[in-house]
Amino acid sequence: MEGASYQRFPKVKIRELKDDYAKFELRETDASMANALRRVMIAEVPTIAIDLVEIEVNSSVLNDEFIAHRLGLIPLTSERAMSMRFSRDCDACDGDGQCEFCSVEFHLRAKCINDQTLDVTSKDLYSSDHTVVPVDFSDTGAGFENNEDQRAIARKGIGKDHAKWSPAATVTFMYEPEIHVNEEMMETLSLEEKTSVVESSPTKVFGINPHTQQVEVVDREAYTYDDEVLKKVEAMGKPGLVEIYAKEDSFIFTVESTGAVKASQLVLNAIEVLKQKLDAVRLSEDTVEADDQFGELGAHMRGG
Amino acid sequence: MEEAGPSYKEKPSNGAVHVDLDEEYDDDDDMMDAPSIRDFDEVFLKNFCRKASTSFFKHYGLISHQTNSYNDFIKVGIQNVFDSIGEIIVEPGYDPSKKGDNEWRYASIKFGKVTLERPRFWTGEKFSTDNGKEYLEFLPRHARLQNMTYSSRMRVQFTKQVYTQELVRSDKFKTGKEKYLDKKIVETEEREVFIGRIPVMVNSDTCWMSLAEKDDCDYDQGGYFIIKGAEKTFIAQEQLGLNRVWVAGSPNWRVQYRSVHKRKRVYVKLVDTPKVDDIGGGAQVITVYILSLMDIPIWILFFALGVASDKEVVDLIDADIKDGNIVNILIASIHDADQTCDEFRKGWNSLNFVDQLLKKSKFPPKESVKECIENYLFPNIIGFGRKARYLGYMVKCLLEGYTGRRKVDNKDDFRNKRLELAGELLERELKVHLRHAEMRMVKSMQRDLYPDRNLQAMEHYLDAAIITNGLSRAFSTGSWSHSYKNMEKTSGVVAMLRRANPLQMIADMRRTRQQVLYAGKAGDARYPHPSHWGKICFLSTPDGENCGLIKNLAGTALVSTTVRERLSDILLSCGMEKLVDDTSTLLSGLDKVFVDGDWVGICKNSASFVAEFRRRRRRKEVPHQVSFLQLLETVSLACDMQYHACFYPSQVEIKRDTKHKEVRIFCDAGRVMRPLLVVQNFHKIKTLKGGGCSFQDLLDNGVVELIGPEEEEDCVTAWDIKYLFLENDGHDPSKYTHCELDMSFMLGLSCGIIPFANHDHAKRVLFQSQKHSQQAVGYSCTNPDIRLDTLSHQLFYPQRPLFKTVLSDCLEKPGQPFGQSVKGTIPRPEFFNGQCAIVAVNVHLGYNQEDSLVMNSASLDRGMFRSEHIRSYKAEVDNKEASGKKNSDDAVNFGKIQSKIGRVDSLDDDGFPFIGANLQSGDIVIGKHTESGSDHSIKLKHTERGMVQKVVLSANDEGKNFAVVSLRQVRSPCLGDKFSSMHGQKGVLGYLESQENFPFTLQGIVPDIVINPHAFPSRQTPGQMLESALGKGIALGGSQRYATPFSSLSIDAITDQLHRAGFSRWGNERLYDGRTGEIVKSLVFMGPTFYQRLVHMSEDKVKFRNTGPVHPLTRQPVADRKRFGGIKFGEMERDCLIAHGASANLHERLFTLSDCSEMHVCQKCKRMASVIQRSVPGGQKIRGPYCRICDSMEDVIKVNVPYGAKLLTQELFSMGISLKFDTELC
């Protein structure tokens, strides 16, 4: 295998794209690639979230920590996050995280004047930067009573450090299934048996063609790899009636975003972060030093 | 059976259980014969049951037994205690030196009506003069915040007479007496006096909260007391029922009539006589124990009670005289009587015989024999003839027991037991303290009865503090007066109300306890008994020494209170005849009627009698309500008090014993009762349908009735509605007379809310109900701002479980409206404490071995299982105003001074930290010092820290001002914290894994918790899997929601629901490895499961030190965690190092790092040389080791020894034992 190139050129096909939802196919690559993308989306795409809360007055029924925790979990629009600095390596403020390059300041003032419970939501949160505002939610806060006055500093961070910085609600992929129905063997079954095979799957993968009364694959991707059909077929004494394989190199991704960044942007950012990470490996001195050890791999990493 | 009696059909008992209820006829409805059960829909009836149970809990709540018993005590019990005192006669001291000129004076005191007002504050002169009220309402929250006792003042009417006595001779013909004592009343006083404070049960009729619209806390149902700021509750005491005839087979055959009073106890027993030649020899005779007199021949007592002949006695006994055994015993008994007392049949000979015995006894009674018998032998039965009959009945029981025709009574049977609650217990304790107060009063009054002194006001003698403090001390220390031993105290009657969560609080108040002398004597008491069914939970009992002795009331169990109305009229009208007061009438063949163990009458046809009685009870003709008039007669509370309509359902219980031809009726307190549906009256449900479905309506219409333990034996109860419809061979649904409301109501509160409890191993259910549910962090109260608990926990985001059980469903109450955006209210699931976590059963890199679990750190970041913990610190100073002391220099005061012992940065000038201050370990929480500057501040221990939540300044009624500072700590779960599911599956957090590393499903779901599959096979808790699978179905929008024990869903229903939702039937999921992205080979079981966070947290348990404080005596490290102590390196650990041969390590561990020390030894005399200061020639003084024995400092060398060894040497030396040390160089 000396000299063989493992380079592949993955293809992406977008199926569905909404602000907070994306569904796409990723083909001609490995699980490692797909999973790296997923992991980066969850844990390493930076966003902005409230990190420091200074409470002036809090006479609500909820205590300071409770409110601070809830504030932290409010998703903020984070298009700027990629270009912002981490407060820990911000030169402008020596890392105290209070400058415009690495932080955004918020203010929350709420006072309940009547004897009703007052709903305080993210709408009451005033940002000093119009690009970083709370994602529009109908209801985020809980009912407080009385008086609140607080200053909050939002900073850039990644999901690895705290889940509040994770831009992803769900990121998941599945292997594209390949389903073979042994038609000959299927013909030997009665309609009842066919129905029972079809219905053994909890999702609508198979169907019976009303005209030909043949078992057909209705929706391949509805299959959840739950093996129910295979077990059923086995139990009927007809192994091989249905065979299902997972394609090793094509994945169907589902990405849902919290709203901090758009779902499409989330994917792009993830690729960006992934690139940066690879660059970091490629350019680090350790890699050069380890050239002897890894030879080919090191060169490959450096693009040679 | 005789022909007499009502002439309707008498069904023959055909071998099977005889159901006399069948004979009940329907008169008030147009339907002539009871409609068949088949007219009803099973589902309709099920829904009805649900509704009925909901209304049951709405009507009674969960702690009605506590409040009802207390209310009964307030209404009647207190008065009884004072009435039982009777007239107190104070005799003068008869001290001749004090006699003087006047006559000896006597005093008599009688107590009258007791009044109790609602708890009130006296505001003090300051306020009352200022146009304010003199008294303010004293609410439970005041008591809690001020560490006071929530109590109300008790006043009693008394009549005091002071008189002189004179012996007057009089005309015998006129007065009947030759001389009598003439009372010359000198002085009479009649008024009310304050006699003490009675602790008030929260939410009882006396409590303000019973009137309040809104409780302090939404979860609080009352039923407890507040004593010096601490909440205390009674544990129901299981006692053997008195007032019933007890047949016992060992050590010898005896039949007992028990009573608390020793004098009133009666027992009849069979004893062996020594061999006598002429009468067969070794025969057994019946003797009787009365009035503390042993072994009186039974025949003598019969004749003393006025029986005329032997024949009459035999007729009274009414035993089967065809049986040779019985005849022999009777003949031997007659013979025995003849030998003991000649001619006892004549006149009053037998009575005189008893009289003489009494007079010879150790403590001869003051009364005459006749009075003795009247008052002490079966005191509830009036008339000698009836007493003789009762005695005859006892003898009959004895003979039947002996010949095997009657079963020996089982003391573990619940029908023989009564639960003592607040009423009985307080009555007992109050009696003790009242006696004490009375004694003190008599003593001090005696002194003032000397002729030359004057009697003072009653307050002077009657010390109210005795009762107030006595009761309060009994509550605080928990030592309660013993039920029958005079001077002894019992423990375990009062318990602290624990408030980790609302479930624990209620469970604490539903606990019962059986006192045993010592563990060996418990016998079968620890085992569950069939009679516990529906009354006592079979599962929830603690493990260990109290196993089976402490039990919990079942879900629908109630405890009866005394029914005080007289039953006799109703009994007579039902067909009973009064028991005649003679000894000659023949009553054989008739059924005896007992009320509370006393034989009151006979009836010819017990079946019709019982049926009629039941019918009337169901139609509410039997007393069920303490009449208001009677109430006013006894105790009237302060006039501002309003009575709630107090409806007591028919708590009278009737049992027909066909075998012994007895009918037993009970209306005493302490019986555990439970509601059952009356199958026969099902048709009335339809008439009810329109409106009223309150539980009272159901009771009034006889659809539901309360069944006690004894009556239950007569009922054929279907466990569930479905058994009424189940018809197959060997199962006849028509035999059922009653039906349970729900199958799970046989379980207690904490068991009944466990999903699928019937699928779990009983031990695991016990763990959950007894341990985990009580340790779960939940939402303890809704009024934390006005409480000062030393330690309280609260979960940030408590959730309700996805499933429901019938019990939890019926207990749910409408809660607060949720925000303004959502309409309606969400019910309060206050008995569940935890969160629904997505749980996968998987090995997660082995980090969940041995019952540990892996958690998702992202979930924790988002707030899962986050909790706050509030600890309060209290400091007291003397109240200067109250104590009236001058401001001296050494008076301690709150305030800030520069302290040497800790940081005071967060303190304000008043000595208290500001709200929100972050206090670290070692900081001062409360600054306290004297004027002179000595520091009395309270410092945080090294384990304690937190943010200041609140600062409360308050004062109690004992002249102390105190301050409480609460520190709050927010804790997210961390490694080592304990969690548990609802199935006794506990585990500690073993690893926090980040979200991306968890395996994920197709939907992108990652588990919150991963538990190890090894947790299941040996623990046998499939319930958890069912819960998980069901929860998954519910979360996906399924409609099957109930997981009630015993009536839980079938597996098919659960699997189908999952299948319909598009998931694998068995709850398995295909997962993708989060690290590699590959498909995980095996399917993984995953679903939402209710998990509880338990209070055991690693932060409270970590113990570490390198160096730190040592014990002053031994100089070894201390052990205490709070004092920064070390962990013991014990014997076993030592053995381990020895086995390893790690001697250097061992030396370091046990010597260098422990109490290494030096000692000097004189090599000449081999004794220890101490370091002393001595003068040397030349006038100098030097300090150094010196051997006193050899008088030299030569050859003194220094050795390293453990300080413990040196200490031992010195201690032995002080005892005169000198140790010698051989030393060698090494």
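Analyst: What follows goes from the annotated spans to a helix pair and then to a strand pair. The model is predicted.

Residues 650-680 of chain B are 55% strand and 0% helix. Their end C-alpha atoms are 18 Å apart. Residues 695-742 of chain B hold 23% helix and 17% strand. Here the end C-alpha atoms lie 15 Å apart.

Next, the helix pair. Helix H29 of chain B covers residues 1131-1140, and helix H30 of chain B covers residues 1143-1155. Their axes are 9 Å apart, and the packing angle is about 155°. An angle over 145 degrees counts as roughly antiparallel. H29(B) and H30(B) are therefore roughly antiparallel to each other. H29(B) contributes Arg1134(B), Leu1137(B) and Ile1138(B) to the contact. From H30(B), Asn1145(B), Leu1146(B) and Leu1150(B) meet them. By class, four residues in this contact are nonpolar, one is polar and one is charged.

Last, the strand pair. Strand E15 of chain B spans residues 417-420. Strand E9 of chain B, residues 236-240, runs antiparallel to E15(B), and four bridges join them. Within this pair, Gln239(B) stands opposite Arg418(B). Both faces of E15(B) are covered. Lys417(B) and Leu419(B) are buried on one side, and Arg418(B) and Glu420(B) are buried on the other.

Note on methods: Residues numbered from 1 in each chain as written. Chains lettered and ligands numbered in written order. Predicted model: local features only at pLDDT ≥ 70, side-chain atom pairs only at ≥ 80, totals over all residues. Heavy atoms only, no water. Helix = DSSP H or I, 4+ residues; strand = E, 2+ residues; numbered from the N terminus. Axes fitted to C-alpha atoms, helices over the stretch in contact; angles between N-to-C directions. Parallel < 35°, antiparallel > 145°, perpendicular 65-115°, else oblique. Contact = heavy atoms within 4.5 Å. Nonpolar A, V, L, I, M, F, W, Y, C, P; charged D, E, K, R; others polar. Buried < 20%, exposed > 50% of the residue type's maximum accessible area, 1.4 Å probe, protein only. Pairing = 2+ DSSP bridges.
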